[in-house]
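Subject: A structure to look through, with notes

Dear colleague,

I am handing over a structure that I would like you to read alongside the notes in this message.

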Amino acid sequence: MKQPLIVDAHLDLSMNALEWNRDLRKSVEEINRREEGMTDKPDRGRATTSFPELRKGNVGLVIATQIGRYVAPDNPLPGWHSPEQAWAQTQGQLAWYKAMEEDGHMTMIRNKEELEAHLIKWNDGTPNDYKPIGYVLSIEGADSFVSAEYVERAYNYGLRAVGPAHYGPGRYANGTDSSGKLHAMGRDLLARMDKLGMILDVTHLCDDAFWDAMDLYKGPVWASHNNCRKFVDHNRQFSDEMIRALIERDAVIGVALDAWMMVPGWIRGTSTPKGMNCSMEIMANNIDHICQLAGNTHHAGIGSDLDGAFGSEQCPYDLTTIADLQKVPELLKNKEYSDEDINNILHANFITFLRKAL
């Protein structure tokens, strides 16, 4: 039986390639074997994502990120000491994506025509083994834009979605674990994005900035990787009120697989997936909650965030690699979702969104 197509709305592929020094053309087993004995990062030897596993799981279209955080002298988070350094980091990440395109492993999608051509190629019935992974380029946190005008440069090289904030206070907007509305630079950024018809990713915006952005931005809005505050009461998640506001804007919310976003009380480096009973069923519960609030299945999707600075030590115990996203259909069938509803969640919602937005 042919596996359904999956769209994953958030993967930090270039970060893994350049900062974790992972060759994503290799198998997950080979990547992890090469990291044996390494201790510089807590997820060494615990990777879940590579191109072979994406193909194995029929994950044929992804939203792939650039990321480069600027940190002020009083900011304890890891990051770059100037916006120019952060910009250079994202340009290195762009160069990696281009190298993967030249090697036949990826193909950038910038407009509706390229999207349709990729979907035809991916669904042509031939084996996935040598098909390129389609990717729409996004940026997680806008700090690397030296000024708001840089979004136009980025659009010209293919960037189509922007998340203005990441963790903590940002140059354009305040993110997770901070507070405050958009800065003047952030309002300028959104105005420029609006003119370009770009996608606003409200993931990671603090509550104040979320509502400010939702009021200001008139273009397409999505949340690439966000879960429900109903299950984990933390500002990283969306309240029901926020989810309803996104539904009203015809947004799609990609549900993530980072364990600390899935079970309350998770302690990084201490908690374990089995010890906290963190399974993929929780992902299905988050998807179901969004659908119940919407009254339909048109606003939920997958934004796994797998290998987003965590690995198998901090994701569901019943997931070994990203190919296990193919377990989601059975989990939703158990909740009495129809095949059409499941296809909406696995791929159709984000594809429909992109057809309108690109």
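Which residues have the most contacts inside the largest nonpolar core? They are L13, F145, V162, V202 and L246, in a core of 113 residues, where a nonpolar core is a set of buried Ala, Val, Leu, Ile, Met, Phe, Trp, Tyr and Cys residues joined through side-chain atoms within 4.5 Å. Helix α12, residues 339-357, gives the most to this core, with eight residues. In soluble globular proteins, nonpolar side chains tend to be buried together.

Before going further, please keep in mind that this is a predicted model, in which local features need pLDDT of at least 70 and side-chain atom pairs count only at pLDDT 80 or more, while totals for chains, interfaces and linings use all residues. Residues are numbered from 1 along each chain as its sequence is written, and side-chain values use heavy atoms, with hydrogens and water left out. As for the terms, buried means under 20% relative accessible area, exposed over 50%, and partly exposed in between, with a 1.4 Å probe and protein chains only; helices (H or I, at least four residues) and strands (E, at least two) are DSSP runs, numbered from the N terminus.

**Around helix α9**

L246 touches V202, F210, M214, V221, A223, F238, A251 and I253, if residues up to four places away in sequence are not counted; contact here means heavy atoms within 4.5 Å. In α9 (residues 240-248), the residues M242, I243, A245, L246 and I247 are buried, and the buried residues of this helix pack against α8, β7 (221-222), β8 (253-255) and α10 (281-294).

Helix α8 (residues 207-216) packs against α9 at an angle of about 20°, with the axes 12 Å apart, where axes are lines fitted to C-alpha atoms, for helices over the stretch in contact, and angles run from 0 to 180 degrees between N-to-C directions. The two helices are therefore roughly parallel to each other, since angles under 35 degrees count as roughly parallel, over 145 as roughly antiparallel, 65 to 115 as roughly perpendicular and the rest as oblique. On the α8 side the contact is made by D207, F210, W211 and M214, and on the α9 side by E241, M242, A245 and L246. By class, this contact has six nonpolar, no polar and two charged residues; Ala, Val, Leu, Ile, Met, Phe, Trp, Tyr, Cys and Pro count as nonpolar, Asp, Glu, Lys and Arg as charged, and the others, Gly among them, as polar.

The axes of α9 and α10 come within 10 Å and cross at roughly 65°. Here D240, I243, R244 and I247 in α9 meet H289, I290, L293 and A294 in α10, and by class the contact has five nonpolar, one polar and two charged residues. After α9 comes D250, whose phi is positive, near 65°.

**Single residues**

V7 lies in strand β1 (residues 6-11) and is buried, with a relative accessible area of 0%. Leaving aside neighbours within four places in sequence, V7 is in contact with L61, I302, L346, H347, F350 and I351.

N277, in the loop between β8 and α10, has a positive phi of about 55° although it is not a glycine. E336, in the loop between α11 (328-333) and α12, also is not a glycine and has a positive phi of about 70°; at 75% relative accessibility, E336 counts as exposed.

With best wishes
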